[in-house]
Amino acid sequence: MDMKEPARAGLAGGREALNAAFWDLGLRFQWDAATWSVLVQLDDLQAQIAYYLANWQPHLLAAYDPPFLARLVESRLASGTNARMGMEAMTRA
């Protein structure tokens, strides 16, 4: 599997695009190359997010639902805009 591309073909831009989407949504998930080398082997973004939360930030599973986050991130990536959408959008506009 190509390490520069996401597991899901529809998510163009790879890790950098996902990190930008996380930031735009106010999520502090920043996947480095080592983390990505594990996550890129998973089937889709939902599986990647679920694995990431379970293995790197398990305390967040009480607050975040991986399927919801995956849909949110996919929508953010599909929007193609550069505007912040998360909670911090109100304070860092």
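**Entry 1**

I looked up A54 and placed it in helix α3; helices here are DSSP runs of H or I with at least four residues, strands are runs of E with at least two, and both are numbered from the N terminus. A54 has a relative accessible area of 42% and is therefore partly exposed. For these classes I used under 20% relative accessible area as buried, over 50% as exposed and the range in between as partly exposed, with a 1.4 Å probe and protein chains only.

A47 is partly exposed because its relative accessible area is 28%. From A47 to P66 I noted 7.8 Å, C-alpha to C-alpha, at a sequence separation of 19 residues.

**Entry 1: basis of the model**

I record that this is a predicted model, in which local features need pLDDT of at least 70 and side-chain atom pairs count only at pLDDT 80 or more, while totals for chains, interfaces and linings use all residues. Residues are numbered from 1 along each chain as its sequence is written, and side-chain values use heavy atoms, leaving out hydrogens and water.

pLDDT is the predictor's confidence in each residue, from 0 to 100. The chain has a mean pLDDT of 81, and 73% of its residues reach 70 or more. I marked residues 1-10, where pLDDT stays under 50 and the model has 26 contacts beyond four places in sequence; contact means heavy atoms within 4.5 Å. I also marked residues 88-93, where pLDDT stays under 50 and the model has four such contacts. Where pLDDT is low, the predicted coordinates should not be read in detail.

**Entry 2: the chain as a whole**

I counted four helices and zero strands, in the order α-α-α-α from the N terminus. Of the 93 residues in the chain, 32% are buried. Among contacts between residues at least 6 apart in sequence, 51% join residues at least 24 apart.

**Entry 3: helix α1 and its partners**

Which residues of α1 are buried? I found G14, L18, N19, A21, F22 and D24. The buried residues of α1 pack against α2 (33-39), α3 (45-56) and α4. Just after α1, G26 takes a positive phi of about 85 degrees.

I then examined α1 (residues 14-24) against α4 (residues 66-79): their axes come within 9 Å and cross at roughly 105 degrees. Axes are lines fitted to C-alpha atoms, for helices over the stretch in contact, and angles run from 0 to 180 degrees between N-to-C directions. The two helices, α1 and α4, are therefore roughly perpendicular, a term that covers 65 to 115 degrees. On the α1 side, A17, L18, A21, F22 and D24 meet V73, R76 and L77 of α4. By class, this contact of α1 with α4 has six nonpolar, no polar and two charged residues. Ala, Val, Leu, Ile, Met, Phe, Trp, Tyr, Cys and Pro count as nonpolar, Asp, Glu, Lys and Arg as charged, and the others, Gly among them, as polar.

I found S79 in helix α4. S79 is partly exposed because its relative accessibility is 37%. The side chain of S79 makes a polar contact with the side chain of R76 at 2.6 Å. A polar contact is a pair of N or O atoms within 3.5 Å; within protein, one must be able to donate a hydrogen and the other to accept it, and residues adjacent in sequence count only if both atoms are side-chain atoms.

Last, I checked T35, which is in helix α2. T35 is buried, with a relative accessible area of 9%. Leaving out residues up to four places away in sequence, T35 touches Y52 and W56.

Key: Angles under 35 degrees count as roughly parallel, over 145 as roughly antiparallel, 65 to 115 as roughly perpendicular and the rest as oblique.
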